[in-house]
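This report describes the architecture of a protein model. Please consult the sequence and the structure shown below while reading.

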Amino acid sequence: GELAHFMPRLKVVVCSSCSTVLPGMPARAQKYAENWLTENGVEIHFASRPTQKDLASLGLPSDTLMLDCTGVRIHCEFAKGLGCLDLTGQVRVDSSMRVLSADGPYEHIFAAGDCIKFASHMGPLPKEIGPAEACAEVAAANLLRAVSPTQEPPRELQATSRLVLCSLGPQDGVVMMNGYTVLRGWAAAKMKAWVEGTRMAQLRG
């Protein structure tokens, strides 16, 4: 969205192995985002994963800059010695973000981010900024507790509302909550900017 807005003369082609943009998001949000991209000159090819040699079939020069920028591949080999990885290579954690081995949790080792998988009632979390921030906050609080012991029990991650803010340039976007599209357009962009601004202010203290 930012490329299409700030560099309108740049030809942008998106190739996706999925059948829609924003997979996993509400259909209204997917359609809104797809329409915005095409109206702003972005060419989209679904069910497509071309390599550099396939550029000619898309009508693109062979020297076109190609960026592979989607998908999740976990690389946590550094943690193998902890005995905490599941079959997909993700780091198993409990609801306090403590890294789990077959013998139980490590009291002074925590993990957060896309590499984790809950081995408890929490179930899977979407790989989004909201859940990631919540996990990081719990991990940081419990890390401080580990180095400066108190009588307080470890903090645990609580289920929260799933809020997703997707920008389409600086003046447009989509806001989704718990699987529903709640805002589109200018209002969504302003809400995203407000959330980012207030969150950064909190982090700066």
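Strand 7 and strand 8 (residues 173–177) run antiparallel and are joined by five bridges; strands are DSSP runs of E with at least two residues, helices are runs of H or I with at least four residues, and both are numbered from the N terminus. Two strands are taken as paired if DSSP finds at least two bridges between them. Within this pairing, cysteine 166 stands opposite valine 174 of strand 8.

The open sheet comprises three strands in the order 7-8-9, with antiparallel pairing. Strand 7 (163–167) and strand 9 (180–184) each have a single partner strand and stand at the edges, so one side of each lacks a neighbour in the sheet.

## Basis of the model

The model is predicted: local features require pLDDT of at least 70 and side-chain atom pairs pLDDT 80 or more, whereas totals for chains, interfaces and linings use all residues. Residues are numbered from 1 along each chain as its sequence is written, and side-chain values use heavy atoms, with hydrogens and water left out.

## Overall architecture

The protein chain has four helices and nine strands, arranged along the sequence in the pattern α-β-α-β-β-β-β-β-α-β-β-β-α. Its C-alpha atoms fill a box of roughly 60 × 40 × 30 Å along the principal axes. Of its 205 residues, 31% count as buried, that is, under 20% relative accessible area with a 1.4 Å probe and protein chains only.

## Nonpolar cores

A nonpolar core is a set of buried Ala, Val, Leu, Ile, Met, Phe, Trp, Tyr and Cys residues joined through side-chain atoms within 4.5 Å. The largest core has 18 residues, of which Val91, Val93, Met97, Ile116 and Phe118 touch the most other members. Strand 3 (91–93), strand 6 (116–118) and helix 3 (129–147) each give two or more residues to this core; helix 3 gives the most, with five. A second, separate core of 15 residues includes Val12, Val21, Ala29 and Leu37.

## The surroundings of glutamine 30

Glutamine 30 lies in helix 2 (residues 27–39) and is buried, with a relative accessible area of 14%. A polar atom of the glutamine 30 side chain lies 3.2 Å from the backbone oxygen of leucine 22, and a polar atom of that side chain lies 3.1 Å from the backbone oxygen of methionine 25. Apart from neighbours within four places in sequence, glutamine 30 is in contact (heavy atoms within 4.5 Å) with Thr20, Val21, Leu22, Pro23, Gly24 and Met25.

Technical notes
Buried means under 20% relative accessible area, exposed over 50%, partly exposed in between (1.4 Å probe, protein chains only). A polar contact is a pair of N or O atoms within 3.5 Å; within protein, one must be able to donate a hydrogen and the other to accept it, and residues adjacent in sequence count only if both atoms are side-chain atoms.
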